[in-house]
Amino acid sequence: MCTKRTDSRFTQQELPACKPLLTPGWVITTFMLVGALFIPIGVISLVASHRVVEIVHQYETECLPLQIRDNKDLKVAYIKSNTSKSCNQTLQVPKHMKHPIYVYYQLDNFYQNHRRYVKSRNDQQLMKAGSANETDSCKPEATTGNGLPIVPCGLIAWSLFNDTYNFSRVGKPLTVNKKDISWKSDRDHKFGKKVYPKNFQNGTLIGGAKLNESIPLSEQEDLIVWMRTAALPTFRKLYGRIEEDLQENDTITVNLFNNYNTYTFNGKKKVVLSTTSFLGGKNNFLGIAYLTVGGLCFFLAIVFFLVHIIKPRPLGDPAYLSWNRNSPEGRSS
């Protein structure tokens, strides 16, 4: 069966097109404009990052008894024991911190991006009330020893972070607001309002925090935050917000429970208090990247300008670039 060929400007590739000629003037001007745009953006980004006040305190070693701090086996045995692991730490506020002050926990050397770890969950079970038995992708934390389904199942939920923090200033407690610390889209579309924890952390090996079985998963925000896995082995996750200002030189006492086992894999734990800017938290990379690209473009613009002035090259006739037009000789004859 033959089809009639249709000749059009589109099929014959004759539509109008803009093909700029990269003359020295165009190249130099483009580099100058990129440099003039990127350098101010980089400066603004760095200034905004430097205005963020951040307190980072590492505590996984300081919250251990002195006699076991240098022995890995003793540290692992201690963290797995039923001994009370309450620990008091002191933070000094370097500058005035305007509320809201975000509280994060930071883990180092924890690979949440491992393929088997990331796959060990079931999104249908998390969202739908009648899907408790859908645990095929959750191994090895799919069912209890009696064959009962675990909700939520999988290694991600099983390893839920379970250190807790209580803050006070001059003996007065600082309230940590844990409401709306997760993404609204996750609460509404990934975790069901009628799905409740069941048989969670009931095995002999406890991975992390336990869940209240009377609260639906859509309201278990610590779990929702943890289930959004990190791409890098060093990451922070939001713990809550302090809704009052902290003044310069204030002394903050942190009463924490050092429950989470990072000693098995030589991980580190940190508590972070941070303000934010219009660009988010403290991050110098964006500003440095803009300054680097802008400075490089500005430098290349100067180099090309000097080369063009000192040793210019004659330009060819752009009329020769059009294959379907008459040559200059043909038009002049």
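The following legends describe close-up views of a predicted model.

View A. Five strands form an open sheet in the order 1-9-3-7-6, with antiparallel pairing. Strand 1 (54–58) and strand 6 (176–177) stand at the edges; each has a single partner strand, so one side of each is left without a neighbour in the sheet. Strands of a sheet pair through backbone hydrogen bonds, in either a parallel or an antiparallel arrangement.

**View B. Strand 3 and its two partners.** Strand 3 spans residues 101–108 and is mostly covered, seven of its eight residues being buried. Its antiparallel pairing with strand 7 extends over seven bridges, and glutamine 106 stands opposite arginine 236 of strand 7. Seven bridges also join strand 3 to strand 9 (residues 268–274), and these two strands run antiparallel. On that side, aspartate 108 stands opposite lysine 268 of strand 9.

**View C. The edge formed by strand 6.** Strand 6 pairs with strand 7 (residues 235–242) in the antiparallel sense, over two bridges. Valine 176 has isoleucine 242, in strand 7, as its bridge partner. Strand 6 stands at an edge of the sheet with a single partner strand, so one of its sides has no neighbour there.

View D. Helix 2 comprises residues 72–80, and its buried residues are Lys75, Val76, Tyr78 and Ile79. Seen down the helix axis, these buried residues fall within an arc of 160°, so they line one face of helix 2. An α-helix has 3.6 residues a turn, so residues three or four places apart point the same way. The face of helix 2 turned away from the buried side carries the exposed residues Asp73 and Lys80.

**View E. The start of helix 2.** A side-chain oxygen of asparagine 71 reaches to within 3.0 Å of the backbone nitrogen of aspartate 73 at the start of helix 2. Aspartate 73 is also one of the exposed residues on the face turned away from the buried side of this helix.

View F. Methionine 227 lies in helix 7, which covers residues 221–227. With a relative accessible area of 3%, methionine 227 is buried, as the cut-off for that class is under 20%. When residues up to four places away in sequence are not counted, methionine 227 touches Arg121, Leu126, Ile156, Ala157 and Phe191. Leucine 300 is 73 residues from methionine 227 along the chain, and the C-alpha atoms of the two residues are separated by 46 Å.

Key
Residues numbered from 1 in each chain as written. Predicted model: local features only at pLDDT ≥ 70, side-chain atom pairs only at ≥ 80, totals over all residues. Heavy atoms only, no water. Buried < 20%, exposed > 50% of the residue type's maximum accessible area, 1.4 Å probe, protein only. Helix = DSSP H or I, 4+ residues; strand = E, 2+ residues; numbered from the N terminus. Arc of directions from axis to C-beta. Polar contact = N/O pair within 3.5 Å; in protein donor to acceptor, adjacent residues only side chain to side chain. Contact = heavy atoms within 4.5 Å. Pairing = 2+ DSSP bridges.
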